[in-house]
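Welcome, and please open the structure in your viewer. We will walk through it stop by stop.

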Amino acid sequence: MRVAIPSASEAITSETFFSTTVWFSFFQNTWRAIRGDLGLSLGGMLNVNTTSVSNSSTGATDLITYSLPANSLTNDGDILEIDAWGTYAANANNKTVVLAFGGQTILTTGAIAANDGTWSMKAKIIRKTDSTQEIVSEILSSNTSVIDSATRTAGTQDLTTALTIRCIGTGGASSDITQYALKINLTPST
């Protein structure tokens, strides 16, 4: 492992410890080197977003999104857990909610005439290799038009690149679908 030490003339004080870009880069590069050499993964809550977003017009609309940094799932067996929830508007319009991981749809309701109600989507993504994942997802809804189910998907995303996790809403009019939250956890295998 090689990490360049900053200049001795770079001052460190408790107030400027991380605002000094040279030292910040030093510690960031040191952590990356250690993590890469030892295969360590950091886990815990990666994101919680409770800023509600509704679909716009009749086209597909990205609701709440999260950009998963490259190499977040470092070791085979690392698990990413996604929780998303929202509501359907009280009308007879067809509505579709999709949960996507990178460029891959991992769960969709399909077009349904859900008149009112709450939906919840959950997914577990297990890293098999840096380009394959085992994914299981489920949907629950208080609306009887939505069939509660679980889906298995063979993931094919490149985990060495940044990936967008998002819900996509499509309705017959604006605000047919509202997402209220997106929560993402990472559980490392080591």
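Here is a tour from the whole chain to single residues.

This is a predicted model, in which local features need pLDDT of at least 70 and side-chain atom pairs count only at pLDDT 80 or more, while totals for chains, interfaces and linings use all residues. Residues are numbered from 1 along each chain as its sequence is written, and side-chain values use heavy atoms, with hydrogens and water left out.

**Whole protein.** Start with a cartoon view: there are 1 helix and 11 strands (DSSP runs, H or I of at least four residues for helices and E of at least two for strands, numbered from the N terminus). Of the 190 residues, 38% are buried (under 20% relative accessible area; exposed is over 50%, partly exposed in between, with a 1.4 Å probe and protein chains only).

**The core.** Next, select Leu80, Ile82, Tyr88, Leu99, Phe101, Trp119 and Ile165, which touch the most other members of the 31-residue largest nonpolar core. Strands that each supply at least two residues of this core include strand 4 (79-88) and strand 7 (117-129). Such a core is a set of buried Ala, Val, Leu, Ile, Met, Phe, Trp, Tyr and Cys residues joined through side-chain atoms within 4.5 Å.

Now centre on Leu80: among the residues it touches, leaving aside those up to four places away in sequence, are Leu46, Phe101 and Ile165. Contact here means heavy atoms within 4.5 Å.

**Two loops.** Move to Ser57, in the loop between strand 2 (53-54) and strand 3. Ser57 has a positive phi of about 60 degrees, although it is not a glycine. Finish at Asp116, between strand 6 and strand 7, where phi is positive at about 80 degrees.
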